[in-house]
Amino acid sequence: MSRLFRIRAAGIGAALILAVGGSLASADERQDVERGRELYREKCAMCHAAGGMGTGLLSRRYPKGQELLENRTDLDPAFIATAVRGGIGNMPRIARGEVSDAELALISKYLTRRERN
Ligand code: HEC
């Protein structure tokens, strides 16, 4: 086996490992988003689902469809954390005893997910 061939083979091996690693990471990512969706339904939807008081108030400021946080594509984790931990307008702050930092991180992943369905 030539030296060049061995170097090439090692390169292909490394590329394969990276490719497999990449798809595993995105499976994890999908699982986090799914868990975030469940937590959102549990902790936020009482106010942010259709008919909720959060949705009602946000519908005064956002165009139709965008009053639902789940439909927004402009949210970022820092803004979500500020709203949740500090409260915003008529939304009361939510303490860590109620929604932990880990849970909030998952909820944020859901609300900022790229894949929409
Ligand atoms: C008790 C009801 C209630 C709960 C529970 C609640 N919210 Fe809210 N939320 C509101 C209200 C009301 C507003 C609108 C505030 C205003 O503008 O007066 C709001 C606004 C927000 C905003 C700001 C949106 C914007 O563009 O201004 C974010 C982000 C948000 N909520 C995230 C969450 C998340 C995440 C959760 C769950 C962890 C949650 N909220 C739980 C009532 C609630």
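Start by selecting the shell around the ligand: by class it has 18 nonpolar, 4 polar and 1 charged residues. Here Ala, Val, Leu, Ile, Met, Phe, Trp, Tyr, Cys and Pro count as nonpolar, Asp, Glu, Lys and Arg as charged, and the others, Gly among them, as polar. You are looking at a predicted model, where local features need pLDDT of at least 70, side-chain atom pairs count only at pLDDT 80 or more, and totals for chains, interfaces and linings use all residues. To find your way, note that residues are numbered from 1 along each chain as its sequence is written.

Next, pick Cys-44, Cys-47, Gly-54, Gly-89 and Met-91, which come nearest to the ligand of the 23 residues around it (a residue is near a molecule if its C-beta atom, placed from the backbone, lies within 6 Å of it). Then colour helix 2 (45–48), helix 3 (53–58) and helix 4 (77–86), each supplying at least two residues of that shell. Helices are DSSP runs of H or I, at least four residues, numbered from the N terminus.

Now move to the largest nonpolar core, made up of 10 residues, including Leu-39, Val-84 and Tyr-110. Such a core is a set of buried Ala, Val, Leu, Ile, Met, Phe, Trp, Tyr and Cys residues joined through C-beta atoms within 7 Å; buried means 20 or more other C-beta atoms within 10 Å of a residue's own, exposed 12 or fewer, and partly exposed in between. Helix 1 (3–43) and helix 5 (101–111) each give two or more residues to this core, and helix 5 gives the most, with 5.

Finish at Arg-37 in helix 1. Is Arg-37 buried or partly exposed? Arg-37 is partly exposed, because 18 other C-beta atoms lie within 10 Å. Select Ser-108 as well: its C-alpha atom is 9.3 Å from that of Arg-37, though the two are 71 residues apart along the chain.
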